[in-house]
Structure formats: C-alpha cells, structure tokens
Amino acid sequence: MPDEIIDAYAEVSPDGREHFPVFAHKLADMADEHLGVTTDELARLAIRTLVIAADDDLVTLEHTVELPQPA
C-alpha cells in the first residue's frame, strides 16, 4: 500500500500505523465474502437509504441500477 493510504489510516485509527496490515486483511476478507443480501431483502428495508456509486467502482452500474426503488 502507498504510504499516503497508511498515513491516512494512522491519523484516524486508535490502533496506530502498525495495525494497518490487520485492517487491510480484514477489508480484503470482507470484499471477498458474499454477504448474501438479496435485492428482495433490501426492498423490505423500512428506512430511507442513500446509494452512492462511482464511475470506476467495484460495484457495477448494472448492479446499482438493479437495486430496489422506493414505492
């Protein structure tokens, strides 16, 4: 990881710069896991939700468009 990313993490982490590898590993594990949340389950949420998507993101435009719309 670039030092800039590790430095940014260290500025806000109570665990300090040395903890970054643990954080990065947990983040990678989370990204690899399928959380199993379906669009039907999302549609049943009873709260307003803001979805933000980027042009160059891991989440595809097709996936974002597939998300349920409010009734």
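**View A. Thr-64 is a buried residue of helix H4 in this predicted model.** Thr-64 has a relative accessible area of 18%, so it counts as buried; buried means under 20% relative accessible area, exposed means over 50%, and partly exposed is in between, with a 1.4 Å probe and protein chains only. Helix H4 covers residues 61-66; helices here are DSSP runs of H or I with at least four residues, strands are runs of E with at least two, and both are numbered from the N terminus. Which residues touch Thr-64, leaving aside its neighbours within four places in sequence? They are Val-51, Ala-53 and Val-59, where contact means heavy atoms within 4.5 Å. Because the model is predicted, local features need pLDDT of at least 70 and side-chain atom pairs count only at pLDDT 80 or more, while totals for chains, interfaces and linings use all residues.

**View B. Arg-17 takes part in salt bridges with Asp-3 and with Asp-7.** The structure holds two salt bridges, a salt bridge being a side-chain nitrogen of Lys or Arg within 4 Å of a carboxyl oxygen of Asp or Glu. In the bridge between Arg-17 and Asp-3, the closest N and O atoms are 3.2 Å apart. Arg-17 sits in the loop between helix H1 (3-12) and H2, whereas Asp-3 belongs to helix H1, so this pair ties together parts that are 14 residues apart in sequence. For Arg-17 and Asp-7, the closest N and O atoms are 2.2 Å apart. Asp-7 also lies in helix H1, so its bridge to the loop residue Arg-17 connects parts that are 10 residues apart in sequence. Through shared partners, the salt bridges join Asp-3, Asp-7 and Arg-17 into one network. Are these residues buried, partly exposed or exposed? Each is partly exposed: Arg-17 has 33% relative accessibility, Asp-3 has 47% and Asp-7 has 36%.

**View C. Tyr-9, Phe-20 and Phe-23 form one aromatic cluster.** A pair of aromatic rings is described by the distance of the centres and the angle of the planes. Rings of Phe, Tyr and Trp (its six-membered ring) pair if their centres lie within 6.5 Å; planes under 30 degrees apart count as stacked, over 60 as edge-to-face and the rest as tilted. The structure holds three aromatic pairs. One of them joins Tyr-9 and Phe-23, whose ring centres are 4.8 Å apart with planes at 25°, so this pair is stacked.

**View D. Val-37, Leu-42, Leu-45 and Ile-47 make a nonpolar surface patch.** The patch amounts to about 360 Å². Patches are made of residues with over 30% relative accessible area and no salt bridge, joining like charges within 9 Å and nonpolar side chains (Val, Leu, Ile, Met, Phe, Trp, Tyr) within 5 Å. Accessible areas come from the Shrake-Rupley method with a 1.4 Å probe, and for residues only the protein chains shown count as cover. Val-37 is found in the loop between helix H2 (20-32) and helix H3 (39-43).

**View E. Arg-44 lies in the loop between H3 and H4.** With 62% relative accessibility, Arg-44 counts as exposed. Its C-alpha atom is separated by 9.2 Å from that of Pro-68, a residue 24 positions away along the chain.

Terms used: Residues numbered from 1 in each chain as written. Heavy atoms only, no water.
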